[in-house]
Amino acid sequence: MTTIEHIDFKNKKAIIRVDFNVPLNERFEVTDATRIEAAKPTIDHILKAGGSVILMSHLGRPKGVEEKYSLNHIVSKVAEILGVPVKFASDCVGSVALEASESLKAGEVLLLENLRFHPEEEKGDVAFAQQLASLGDIYVNDAFGTAHRAHASTTIIAQFFENKRCFGFLLAKEIESLNKVLHGAAHPVVAILGGSKISSKITVIENILDKIDHMIIGGGMTFTFIKALGGSIGNSLVEDDKMALALEILEKAKEKNVKIHLPVDVIAADAFSNDAQIKLVDVNSIEAGWQGLDVGPKTLEALKPIIREAKTILWNGPLGVFELEKFSEGTISLGNMIAEATKNGTFSLVGGGDSVAAVKQFNLEDKMSYVSTGGGAMLEMLEGKVLPGIAAI
Ligand code: AMP
């Protein structure tokens with residue numbers, strides 16, 4: 001894997017694909033700068049090595065040029081985080097960008113306007129990619145969140161930088177961590193799959209069955225399994241058309257010697273709300289009018305030894321509706337168990353938008369071995385797909 005550590009940046013212009021798709025408030029101020037902070041080590045490394053940096057990113061989903069999606073809004077934040085002045089080019093290609101790039105000196109940083117102001121970006125247009133490529137001497141991809149898209153700036157551009165293209169620290173770390181789980185992981189390997197639906201995770205489940213020893217199922221997808229097995233799920237979330245698939249997964253797991261752990265008890269509620277009435281029930285006997293929204297204490301007790309003995313843990317999806325305090329206990333307890341195991345040497349990888357949100361909300365981020373930033377990209381890697389942005393490097 002070629003990373004920025006293998007390349008000489010002295011007096012070179014590095015064009016870096018970053019993910020600065022950050023949330024802005026109504027005054028266009030950055031409300032969460034995590035993604036900018038995450039790109040800092042790569043940028044610092046290149047500046048320190050005597051290079052200059054051209055940053056390119058998308059922001060939101062603009063339809064053509066839309067002022068509210070201008071990356072100009074974030075220039076001061078980027079400068080503040082990097083601790084150096086940041087220049088801005090009001091277009092990512094054309095004479096404005098070319099002139100800005102030509103006048104860039106070693107140690108300086110230039111941010112280009114939103115790539116998606118040009119529809120060619122998402123189309124993966126070769127001529128557009130070549131225009132972007134003409135701005136820099138070296139191409140660095142440090143945006144994992146878009147690595148599964150064959151866009152001009154994430155993939156197509158790489159062909160113009162033979163031997164002069166590499167991964168930034170962030171992307172290299174993502175690849176390394178996911179590979180650690182997918183290839184050559186220390187056993188036992190435990191995968192925890194929660195969240196709302198089986199349908200969005202089925203390909204992941206199928207691909208990882210060969211690599212894991214235990215699969216813990218939680219969250220809303222529990223009830224499709226339970227119903228398929230003949231249990232009563234009341235008004236719990238269910239995908240009726242995925243029941244056959246659920247049984248197939250159970251069968252495949254058996255063939256592959258993977259132990260499946262379904263919840264045994266659940267917190268059932270009479271409404272999807274923090275004000276709901278709740279009761280603890282057996283997972284197979286939820287009455288009509290009630291829905292399972294979190295796992296119960298017996299379930300959590302049963303998970304303890306599995307998590308404790310795991311050497312590798314992959315966690316994708318919450319065990320319950322953690323956004324509502326009343327149904328957050330299962331997800332919090334599991335998070336604490338994983339944190340404890342991690343302290344004792346287990347490698348733990350958390351990924352997928354909602355598990356990452358949960359881990360952040362419960363202050364467990366620093367207690368996991370790695371928290372992946374790219375939702376869709378991570379799922380595709382877990383599905384066994386080769387991501388175009390990674391292949392291109
Ligand atoms: P996903 O995007 O598929 O990972 O699903 C995450 C969402 O699943 C979160 O917003 C949770 O609130 C929700 N969720 C977790 N457990 C349940 C459940 N038992 N019933 C309904 N939704 C759930």
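Numbering starts from 1 along each chain as its sequence is written, and side-chain values use heavy atoms, without hydrogens or water. In this predicted model, local features need pLDDT of at least 70 and side-chain atom pairs count only at pLDDT 80 or more, while totals for chains, interfaces and linings use all residues.

**Ligand shell**

14 residues surround the ligand, and the closest are Ser196, Lys201, Gly292, Glu323 and Asp354. The shell divides into four nonpolar, six polar (Gly counts here) and four charged residues (Asp, Glu, Lys and Arg).

**Polar contacts**

Next, look for N or O pairs within 3.5 Å. At Ser196, a backbone N or O atom lies 2.9 Å from a ligand oxygen atom. At Lys201, a polar side-chain atom lies 3.1 Å from a ligand oxygen atom. At Gly292, a backbone N or O atom lies 2.9 Å from a ligand nitrogen atom. Taken alone, the ligand exposes 500 Å² (Shrake-Rupley, 1.4 Å probe), and the protein buries 82% of that.

**Cysteines**

The whole structure has zero disulfides (cysteine sulfur pairs within 2.5 Å).

Conventions
Near = heavy atom within 4 Å. Polar contact = N/O pair within 3.5 Å; in protein donor to acceptor, adjacent residues only side chain to side chain.
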